[in-house]
Amino acid sequence: MDTLADWVDGLEAKNNQYAYECFKRLQEACAVSGDAYAYFNRFARLMDSDSSYPRTRGLLMIAACARWDTDNRIDELLDRYLKHIEDVKPITARQCIQALPEMARYKPDLAPLITQALMRANPFRYPVTMQPLVQKDIAEALRRIYETAPAP
């Protein structure tokens, strides 16, 4: 478990603890260099996983790569990404929502589409216990996006 390629492979490991460790290392690597961006297509495939754990990891890695997205790959899959604001799993939806301000920060041209999707989201699709949490995440994400948005 020493290279980016190993960590990317580890994102899909059956052992969730190991997969999470790989994910954390990749996030740390993304914070300092664009090397993980080379694996963007793998992260995009994970975003469509049937299992919520790899799906969440894929979503979060795409958001982490936003600062390095010189090829505008996020722009191309944004509609698919934003559907996860209402993911079947509320925990995945929450993680997606919480990652959106970071994406908007590095991709300010996408901020209007992101905010529209957040405002259209329906937190009432989740169990009553999760609804206030999702609502709070949406409000916080919108607040953070508006704070960092460039003035018109």
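Author: Let me begin with a definition: a helix here is a DSSP run of H or I with at least four residues, and helices are numbered from the N terminus. The model is a predicted one, and in it Asn72 falls in the loop between helix H4 (52–64) and helix H5 (73–82).

Reader: What makes Asn72 partly exposed, and what is its phi?

Author: Partly exposed covers the range between the buried limit of 20% and the exposed limit of 50%; the relative accessible area of Asn72 is 36%, and therefore Asn72 is called partly exposed. Its phi is positive, about 60°, although Asn72 is not a glycine.

Reader: Why is Leu11 called buried, and where in the chain does Leu11 lie?

Author: Leu11 lies in the loop between helix H1 (4–10) and helix H2 (16–32). Its relative accessible area is 0%, and because buried means under 20%, Leu11 is buried. Leaving aside neighbours within four places in sequence, Leu11 is in contact with Ala19, Cys22, Phe23, Leu26, Phe43, Leu46, Pro54, Arg57 and Met61. The C-alpha atoms of Leu11 and Asp69, which are 58 residues apart along the chain, are separated by 20 Å.

Reader: How do you know that the buried residues of H5 line one face of the helix?

Author: The buried residues of H5 are Ile74, Leu77, Leu78, Tyr81 and Leu82. Viewed down the axis of H5, these buried residues fall within an arc of 160°, so they line one face of the helix. On the other side of H5, Glu76 and Asp79 are exposed, while the buried residues pack against helix H3 (40–46), H4, H6 and H7.

Reader: What puts the buried residues of H7 on the same side of that helix?

Author: In H7 the buried residues are Ala111, Ile114, Thr115, Ala117 and Leu118. They cover an arc of only 160° around the axis, and this places them on the same side of H7. The face turned away from that buried side carries the exposed residues Met119 and Arg120, and the buried residues of H7 pack against H5, H6 and H8.

Reader: Why does Thr115 count as buried, and what does its side chain reach?

Author: Thr115, which lies in helix H7, has 8% relative accessibility, and because the limit for buried is under 20%, Thr115 counts as buried. The side chain of Thr115 reaches the backbone oxygen of Pro112 at 2.9 Å. Apart from neighbours within four places in sequence, Thr115 is in contact with Leu142, Ile145 and Tyr146.

Reader: Why is Pro101 called buried, and which residues is Pro101 in contact with?

Author: Pro101 lies in helix H6 (residues 90–106) and has a relative accessible area of 4%; since buried means under 20%, Pro101 is therefore buried. Neighbours within four places in sequence left aside, Pro101 is in contact with Ala141, Arg144 and Ile145. Between Pro101 and Asn122, 21 residues apart in sequence, the C-alpha to C-alpha separation is 19 Å.

Reader: How do you know that the radius of gyration of the protein chain agrees with that of a compact globule?

Author: With 152 residues, a compact globule would have a radius of gyration near 15 Å, and the protein chain has 15 Å, so the value agrees. The C-alpha trace spans about 40 × 40 × 20 Å along its principal axes, and buried residues make up 46% of the 152 residues. The secondary structure of the protein chain comes to 8 helices and 0 strands. Among contacts between residues at least 6 apart in sequence, 65% join residues at least 24 apart.

Methods:
Residues are numbered from 1 along each chain as its sequence is written. This is a predicted model: local features need pLDDT of at least 70, side-chain atom pairs count only at pLDDT 80 or more; totals for chains, interfaces and linings use all residues. Side-chain values use heavy atoms; hydrogens and water are left out. Helices (H or I, at least four residues) and strands (E, at least two) are DSSP runs, numbered from the N terminus. Buried means under 20% relative accessible area, exposed over 50%, partly exposed in between (1.4 Å probe, protein chains only). Contact means heavy atoms within 4.5 Å. A polar contact is a pair of N or O atoms within 3.5 Å; within protein, one must be able to donate a hydrogen and the other to accept it, and residues adjacent in sequence count only if both atoms are side-chain atoms. The radius of gyration is taken over C-alpha atoms; the globule rule is 2.2 Å times the number of residues to the power 0.38. The arc is that of the directions from the helix axis to the C-beta atoms.
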